[in-house]
Amino acid sequence: MSKPKHNFVVSQLGHETKIYKFYDHEQCTSQLRDYLNSKMYGRKASQLLKEFVNSESGQLTGFNNDVFAEVIEECNGHVLQLEALLRKKQVEGSSDQTSKNADHFGALIHHLSFVRNKRCLMAYVYNRAEVIQNLGWTFKRDLPDAIKEKLSSSEKEYFEKHSATLQSYMSDLNDLDLAIDMVPPKDPYIKVRVLEEIGNEVVLSDQVANLAMHAILFLKRNDAESYISQGKMEELTS
Amino acid sequence: MESGSGDGTGGFSGVDDYETLISTTDADLLKRSWRNEKAAPEILQFQSSLVQRSREQIQLMEETVEELVTNDEDPLTISLYQMDIDRTMFLLRSYLRTRLQKIEKFMFHIQKTADLWTRLSRQEQKFAKRSIEDMKQHLEQSVLSKFPERYQSHLKQSVISEEDDMVPEPKLDAFVICRTRKFLGALPVDDSGEENPLDMYAGDIYALRYKSIKPLIESGQLDLV
């Protein structure tokens, strides 16, 4: 059977009507699919979350400003339509039962879609914020640029504030540093290799050490731990 | 830590008889509180006097070590003392850290539940308050300020929601592994209404829903592992 030469596709979604004319059936369906995908309420927001879920746990992908803004826009669209429908309902009063019902459910759909989008956006921001909270344990004030790039401006601000909150809790406890001792200590001293030039007369709690690059030293765990978390040293396990 | 007998912290009082009380050191108590805190899905009562005593003892031991160093004692003895300090410090830090991480996770829930809020120490309450402010502002800046007023709450989906339906809560019916500290007799362990009491003997280990054994943990009759 030969394929039809022309395809006309009429799609009506919301208040838009579009007519597509294609010569090729394949092209037609794929374009239509794209169109429908892009138009389906809540699709973008779920994309946003899928992106977060698919990233490795504890790691962040770049803040997706584009999709985020699109979802916000979709939300605003819902609000406009919702308000229009509600106004219409008020004006018309109780005239025609069928159209009243249609408007009522239309409004409900816009409300539900909005709320769903809100949940998705909040989940996206909140879950990322949880990862950022954890970063506060590893990096005290300064985030490495590689991570900074991935945060939105509000997220950067949040990191600074939250890590300040954490630091202030620790200073309330007479400067008890909670960010060290992340693993149970087995030995008071550990063997480490210096990965980055740190300085040649660094005062540690029990010695003054020359922390030159590639040096292998025997340090107190407490002293070494902060360097290890910053990636300036690595622990050598035999 | 050998010194210091547990003279009854808030959570464990009235349960242990004098014998066990006198043979329990603060190190044991700290370890127990730390384990419970690690395993429980929700935040537990802050053991303020225990933490206070532990910190004092650590300080005392540090002074002892310094004294030993100045007296040129055997390095092995010193390093044993040092290791003891390190271990206690780890327990203490990890205990406080676990609590902070729970506060970070469930800040909104803890704030609106008075019972949980009073479990925090003064410093933790301050930490929680600031964390909540920071998080709220971050959520508002990123999302909520762009919405109409009806949808702006960070606790509710919209004004129509009767309850706060957007607050993460700990899963209290999660299973936990626990060990009994003494014979507890028959215990109804699930709320299915079924006649299914469990005879619990001292030292037995069970996997049970946290919800059903919560009061026993709070009174110190059960330990989480």
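The following note sets out numbered points on a predicted model of two protein chains, A and B.

1. Basis of the values. This is a predicted model in which local features need pLDDT of at least 70 and side-chain atom pairs count only at pLDDT 80 or more, while totals for chains, interfaces and linings use all residues; side-chain values use heavy atoms, with hydrogens and water left out. Residues are numbered from 1 along each chain as its sequence is written, and chains are lettered from A and ligands numbered from 1 in the order in which they are written.

2. Architecture of chain A. Chain A contains seven helices and seven strands, where helices (H or I, at least four residues) and strands (E, at least two) are DSSP runs numbered from the N terminus. Their order from the N terminus is β-β-α-α-α-α-α-α-β-β-β-β-α-β. Of its 238 residues, 39% are buried (under 20% relative accessible area, with exposed meaning over 50% and partly exposed in between; 1.4 Å probe, protein chains only). Among contacts (heavy atoms within 4.5 Å) in chain A between residues at least 6 apart in sequence, 53% join residues at least 24 apart. The chain exposes about 14000 Å², and carbon and sulfur atoms supply 52% of this area (Shrake-Rupley method, 1.4 Å probe; for residues, only the protein chains shown count as cover).

3. Architecture of chain B. Chain B has seven helices and five strands, arranged along the sequence as α-α-α-α-α-α-β-β-β-β-α-β. Buried residues account for 46% of its 225 residues. Of the contacts in chain B with a separation of 6 or more, 61% involve residues 24 or more positions apart. Its accessible surface is about 11700 Å², with 50% belonging to carbon and sulfur atoms.

4. The interface. In the pairing of the two chains, 47 residues of chain A contact 46 residues of chain B. The area buried between chain A and chain B is about 4500 Å², of which carbon and sulfur atoms give 62%; buried area is the accessible area (1.4 Å probe) that two parts lose on being put together, summed over both. A:Lys118, A:Tyr126 and A:Tyr169 supply 15% of the area that chain A buries against chain B, more than any other three residues.

5. Salt bridges between the chains. Two salt bridges are counted between chain A and chain B (a side-chain nitrogen of Lys or Arg within 4 Å of a carboxyl oxygen of Asp or Glu). A:Asp172 and B:Lys126 form a salt bridge through their side chains, at 2.8 Å from N to O.

6. Cysteines. The structure has zero disulfides over all chains, a disulfide being a pair of cysteine sulfur atoms within 2.5 Å. A:Cys120 is in no disulfide, and the nearest cysteine sulfur, that of A:Cys75, lies 9.2 Å away. A:Cys120 counts as buried because its relative accessibility is 8%. B:Cys178 is likewise buried, at 0% relative accessible area.

7. Surface features of chain A. A:Phe105, A:Leu108 and A:Leu112 make a nonpolar surface patch of about 290 Å². Patches are made of residues with over 30% relative accessible area and no salt bridge, like charges being joined within 9 Å and nonpolar side chains (Val, Leu, Ile, Met, Phe, Trp, Tyr) within 5 Å. A:Leu112 belongs to helix α4 (residues 97–138) of chain A and is partly exposed, at 49% relative accessibility. A:Val203, in strand β4 (residues 199–203) of chain A, is exposed at 65% relative accessibility. A:Val203 and A:Asp223 stand 20 residues apart in sequence and 9.7 Å apart in space, C-alpha to C-alpha.
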